[in-house]
Amino acid sequence: MIGLIHNFGGEVGAARLIRDDVLEGLYGKAAEGVQRLLEHALKTYVAAAQASTIGDVGISMMGLHPGELKETEVKSLTELLHVAALLYSSLASVDKLDELEETDAPQQEDVNRRFSTEVRGGVGALRPDLLMYFGKGGRLVPGGQIVRFGYFSPKAVLHFTVLNAVRQPAGVRDARARLFELQRARDVAGIGSAALIAAVPRDDDPTLGPKQREQLKINRAEIENEADAVSMKWFAVSAVPEAVARVIDVVT
């Protein structure tokens with residue numbers, strides 16, 4: 001399968017799934033021209049589907065032959081492409097689709113807020129007396145600006161972050177920034193207990209591609225080393241109940 005014409009959310013589009021290295025193996029130096037030809041053919045199919053419906057595009061164009069119309073239930077365009085690649089194309093590049101997923105992934109601050117909210121709810125169910133400290137801030141130096149933390153009390157300060165498999169560079173930058181704020185809270189403000197709790201995918205997560213899994217391992221080790229360098233507590237968790245247990249353990 002070269003690629004597919006898709007209709008997601010009422011919008012028709014196309015994606016070439018066949019890997020570049022396959023085309024290079026077949027066509028050598030002419031592979032670049034073949035890639036352009038395939039991209040143009042897929043665009044032609046999209047134009048035809050937009051003029052009628054995707055189910056009506058059943059004719060051969062520019063050397064390509066459409067297959068049967070398939071339907072599936074997915075949450076994002078990237079998930080749709082993954083389903084098509086895994087079920088129907090042995091020559092697709094799933095790692096390439098992982099790169100495309102960047103545009104579908106929520107922003108770092110959004111996933112951090114969601115994770116923090118879920119942890120807060122879990123802690124509140126077990127220790128409602130701790131709820132008052134979530135989302136609070138304090139001055140790290142006399143007369144300084146208020147710095148907001150995931151959890152802030154006179155005895156403990158915590159930050160929550162997410163190392164998303166799709167937006168890993170953003171997750172690493174966020175973790176570094178939060179480690180710095182925690183270090184300041186501990187060393188300058190004299191708060192005794194400080195820790196960064198990060199939601200990290202499991203190593204055996206079946207939704208991760210080989211490239212994502214390897215990069216995740218590298219980035220996780222980098223954060224761990226930077227936390228160790230400043231003697232900062234760092235906990236990687238894969239589920240909210242695990243994060244809840246870590247919070248209660250650190251602050252009590």
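This is a predicted model: local features need pLDDT of at least 70, side-chain atom pairs count only at pLDDT 80 or more; totals for chains, interfaces and linings use all residues.
Leaving aside neighbours within four places in sequence, which residues is leucine 130 in contact with? The first view below takes this up.

View 1. Residues are numbered from 1 along each chain as its sequence is written, and side-chain values use heavy atoms, with hydrogens and water left out. Leucine 130 sits in the loop between H5 and strand S3 (137–139); helices (H or I, at least four residues) and strands (E, at least two) are DSSP runs, numbered from the N terminus. Its contacts (heavy atoms within 4.5 Å) are Val123, Tyr151, Val251 and Thr252. Leucine 130 counts as buried because its relative accessibility is 5%, where buried means under 20% relative accessible area with a 1.4 Å probe, protein chains only.

**View 2. Helix H5 meets helix H8.** The axes (lines fitted to C-alpha atoms over the stretch in contact, with angles from 0 to 180 degrees between N-to-C directions) of H5 (residues 108–126) and H8 come within 9 Å and cross at roughly 65 degrees. H5 brings Phe115, Glu118, Val119, Gly122, Val123 and Leu126 to the contact, and H8 brings Val240, Ala243, Val244, Val247 and Ile248.

**View 3. Helix H3, residues 77–88.** The end C-alpha atoms of H3 are 16 Å apart, which agrees with the 16 Å that its 12 residues should span at 1.5 Å a residue, counting one less than the number of residues. Its buried residues are Thr78, Leu80, Leu81, His82, Ala84 and Ala85.

How values were computed:
Buried means under 20% relative accessible area, exposed over 50%, partly exposed in between (1.4 Å probe, protein chains only).
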